[in-house]
Amino acid sequence: MTTTTTQTCPNCGNENAYDDIICMKCGAVLDTTSKTRVHTRPSAVKDVIEQKPRWGTSRFEKIMALEVKLHETDVVFAFDYEDIDEIVIGRHDTDTSTIPHIDLEPHGGAEGGVSRQHAVITQDDGALYLVDQKSINGTYLNAQRIQPDQPRILRDSDVIRVGDLVMRIAFRRNADSS
């Protein structure tokens with residue numbers, strides 16, 4: 001009996017974590033019905049196999065911080081509640097010397113199809129929103145392409161893809177709050 005901790009995307013061949021529901025590279029839905037895999041994390045895997053939604057909270061309050069983790073790296077962009085008005089996701093613009101809040105240039109942004117101002121995260125009424133900025137290669141939220149200029153609510157544990165780069169959202173308790 002073999003223990004499997006990854007699964008291969010049938011669309012692009014990318015190796016994904018065993019409990020991922022969507023491919024972290026191309027956004028394709030992964031096969032969660034396979035009977036040949038051995039489960040190493042029974043409760044998480046059971047939810048995936050039974051297709052139970054695992055929704056994170058959408059409430060983003062003053063005691064919270066936002067973390068955006070670049071997939072398959074140790075790179076984390078962190079923002080406190082009061083620092084979030086509009087977080088630009090993109091890459092360094094050498095013509096204007098503009099650097100976005102989440103600069104993906106050093107992480108393969110240009111090669112990965114990330115626009116200079118690809119998307120933004122905004123805050124309004126206790127929630128965070130993702131907005132595509134008419135990017136050429138699109139912005140995906142949980143494997144669904146979002147329409148330009150149409151805010152989509154973000155939840156804890158959501159997956160964002162800009163170009164070919166994938167990030168996971170995490171809401172954390174702010175270290176300064178007690």
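Phe-171 is buried in this predicted model, at 6% relative accessibility. Buried means under 20% relative accessible area, exposed means over 50%, and partly exposed lies in between (1.4 Å probe, protein chains only). Residues are numbered from 1 along each chain as its sequence is written. As the model is predicted, local features need pLDDT of at least 70, side-chain atom pairs count only at pLDDT 80 or more, and totals for chains, interfaces and linings use all residues, while side-chain values use heavy atoms, with hydrogens and water left out.

A search of the whole structure finds 2 aromatic pairs. The rings of Phe-60 and Tyr-81 are stacked, because their centres lie 5.9 Å apart and their planes meet at 20°. Rings of Phe, Tyr and Trp (its six-membered ring) pair if their centres lie within 6.5 Å; planes under 30 degrees apart count as stacked, over 60 as edge-to-face and the rest as tilted. Helices (H or I, at least four residues) and strands (E, at least two) are DSSP runs, numbered from the N terminus.

Both Phe-60 and Tyr-81 are buried. The rings of Phe-60 and Phe-171 form an edge-to-face pair, because their centres are 5.1 Å apart and their planes stand at 70°. Here too the pair links distant parts of the chain, with Phe-171 in strand 13 (residues 165-173), 111 residues apart from Phe-60. For Phe-60 the relative accessible area is 0%. Elsewhere, the charged end of Arg-161 sits over the ring of Tyr-140, 3.9 Å from the ring centre. The criterion is NZ of Lys or CZ of Arg within 6 Å of the ring centre and within 35 degrees of the ring normal.

The protein has 1 helix and 13 strands. Along the sequence, they follow the pattern β-β-α-β-β-β-β-β-β-β-β-β-β-β. An open sheet is formed by 6 strands in the order 4-3-13-12-9-10, with antiparallel pairing. Strand 4 and strand 10 (144-145) are its edge strands, and each pairs on one side only. Two strands pair if DSSP finds at least two bridges between them. Strand 3 and strand 4 run antiparallel and are joined by 5 bridges. Val-68 stands opposite Phe-77 in strand 4.

Strand 5 is mostly covered, with 4 of its 5 residues buried. Strand 5 runs antiparallel to strand 7 (residues 117-124), and 5 bridges join the two. Val-88 has Val-120 of strand 7 as its bridge partner. Strand 5 also runs parallel to strand 6 (residues 102-103), to which it is joined by 2 bridges. Opposite Gly-90 stands Asp-103 in strand 6.

The largest nonpolar core has 27 residues. Leu-66, Ile-102, Leu-104, Ile-121, Leu-130 and Met-167 touch the most other members. Two or more residues each come from strand 3, strand 4, strand 5, strand 7, strand 8 (127-132), strand 12 (159-162) and strand 13. A nonpolar core is a set of buried Ala, Val, Leu, Ile, Met, Phe, Trp, Tyr and Cys residues joined through side-chain atoms within 4.5 Å. Residues up to four places away in sequence aside, Met-167 touches residues including Val-68, Leu-70, Ile-89, Ile-102, Leu-104 and Ile-160. Contact means heavy atoms within 4.5 Å.

Ser-115 occupies the loop between strand 6 and strand 7. Ser-115 is buried, with a relative accessible area of 18%. Beyond its neighbours within four places in sequence, Ser-115 contacts Gly-90, Arg-91, Ser-135 and Ile-136.

The whole-structure search finds 0 disulfides. A disulfide is a pair of cysteine sulfur atoms within 2.5 Å. Cys-9 is buried, at a relative accessible area of 2%, whereas Cys-12 is partly exposed, at 34%.

Of the 178 residues of the protein, 43% count as buried. Among contacts with a separation of 6 or more, 45% come from residues 24 or more positions apart.
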